[in-house]
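Please look through the sequence and the model shown here. The paragraphs after it walk through a few selected parts.

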Amino acid sequence: MPGPAAGTADAATTTDVVCLGESMVTFLPSQPGRLADVPSFGRGIGGAESNVACALAAAGHRAAWVGRVGADGFGDHLVETIASYGVDTSAVRRDPARPTGIYFRTATDRGAGTHEVAYYRAGSAASAMSPDNVPYEDLLAGRVLHLSGITAALSADCLALLRDLTAPRPGRPLVSFDVNHRPHLWRGGDADASVLLELARRADLVFVGEDEAEEAWGIVGAEAIRAALPEPAVVVVKRGSAGATVFSGLRPGPRSSNAGGAEDADTVTLVPALRVDVVAAVGAGDAFAAGFLSATLRGLPVRDRVRHGHLMAAAVLTVPGDLTDPPARDRADRLAALDDDAWGRLRLGPGWTAADRAAEEVRTP
């Protein structure tokens, strides 16, 4: 499985991952219930790509977030909070004419019928990102460029930016793309399905959930998803509580139709998910991507890359917000190296990342 291109810069100073996208101030409810009934909210931050950058920086990598925020207090809060995780925010641009996006959500799981999200992001500073106003020298400076389908949905200019960044170019970093299908962000029709498929096929590493592939493309099953995405060198199909399936080709580019060609063969790796006592299911996909990218940067085996994804996701699943400190690297490595039987018995709950909980981390039902 090919690893990220290191580029020509010195390894000690090269940014590991550059993440591009919108981050917003999020208001978290003080109690369960409808948005209309919640009396107060606590302030946090949310954004798929900045979540990945924060998790990677907290895990010890050199991560940068590139975005656009308003010249307002919410923009100040976003940049300061993201930077507090160790993320390089020097390439973030301020827009004096457009506001920073915000949103409110209920405490229930995103997949629940009672879950509500109220976005106030139309016309936001981030929606004005385009090929003409983002710092390409910063975007292309890392070993990995991480993007998501959310950005493509924000505006025509944002879509043009993602098409440009995923186009072949000399010295292009490894492009990681999380499909992140959000139907409510698109402007009607079937444009979202075709656009997301187009962008995913131009990436080197793709993260996609089985559920969103079925919703967006009408494709069912991991094998069918891989068949629809033949070009990326690595496709990670997230299967919820069933775990993840990784298709890792020996080379990027379209696979031939000739069965049995060694140069076109995929390695298929299935890794079960962990059992987790979930507090909130927000941000888990971003954490999984960060864990997988972290292990990829370190050159770990595919199975361990997925396990690190599951472990980072478990850290977020056991807290109320989108972000939390990941487990210490040596501890995560030890857990990722467990044999299959011990991995299957692992169960993680709130507080499991604390060092003093090490003796309690493995529990049987």
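What follows covers a sheet, a loop residue and some aromatic pairs in this predicted model.

Four strands form an open sheet with mixed pairing, in the order 3-2-7-8. Strand 3, residues 41-46, and strand 8, residues 117-120, are the edge strands, and each of them pairs on one side only. On average, neighbouring strands of this sheet are turned by 20° against each other, with direction ignored. Strand 7 covers residues 102-105 and runs antiparallel to strand 8, to which 4 bridges join it. In this part of the sheet, Ile102 stands opposite Tyr120 of strand 8.

Arg121 lies in the loop between strand 8 and helix 3, the latter being residues 136-139. Is Arg121 buried or exposed? Its relative accessible area is 10%, and the cut-off for buried is under 20%, so Arg121 counts as buried. The side chain of Arg121 makes a polar contact with the side chain of Glu22, at 2.9 Å. Leaving aside residues up to four places away in sequence, Arg121 touches Glu22, Met24, Gly101, Ile102, Ile150, Leu154 and Leu185.

The last topic is the aromatic rings. A search of the whole structure finds 7 aromatic pairs. In the pair of Phe207 and Phe288, the ring centres are 6.4 Å apart and the planes stand at 90°, so this pair is edge-to-face. Phe207 belongs to strand 11 (residues 205-209) and Phe288 to helix 9 (residues 284-297), so the pair ties together parts that are 81 residues apart in sequence. Phe207 is buried at 0% relative accessibility, and Phe288 is buried with a relative accessible area of 5%.

Phe207 also forms an aromatic pair with Phe292, again edge-to-face, with 5.6 Å from centre to centre and 90° between the planes. Because Phe207 lies in strand 11 and Phe292 in helix 9, this pair ties together parts that are 85 residues apart in sequence. Both Phe207 and Phe292 are buried.

Elsewhere, ring pairs link Phe27, Phe41, Phe74, Phe104 and Tyr120 into a cluster. Tyr120 of this cluster is the residue that Ile102 stands opposite.

Terms used: Residues are numbered from 1 along each chain as its sequence is written. This is a predicted model: local features need pLDDT of at least 70, side-chain atom pairs count only at pLDDT 80 or more; totals for chains, interfaces and linings use all residues. Side-chain values use heavy atoms; hydrogens and water are left out. Two strands pair if DSSP finds at least two bridges between them. Helices (H or I, at least four residues) and strands (E, at least two) are DSSP runs, numbered from the N terminus. Axes are lines fitted to C-alpha atoms, for helices over the stretch in contact, and angles run from 0 to 180 degrees between N-to-C directions. Buried means under 20% relative accessible area, exposed over 50%, partly exposed in between (1.4 Å probe, protein chains only). A polar contact is a pair of N or O atoms within 3.5 Å; within protein, one must be able to donate a hydrogen and the other to accept it, and residues adjacent in sequence count only if both atoms are side-chain atoms. Contact means heavy atoms within 4.5 Å. Rings of Phe, Tyr and Trp (its six-membered ring) pair if their centres lie within 6.5 Å; planes under 30 degrees apart count as stacked, over 60 as edge-to-face and the rest as tilted.
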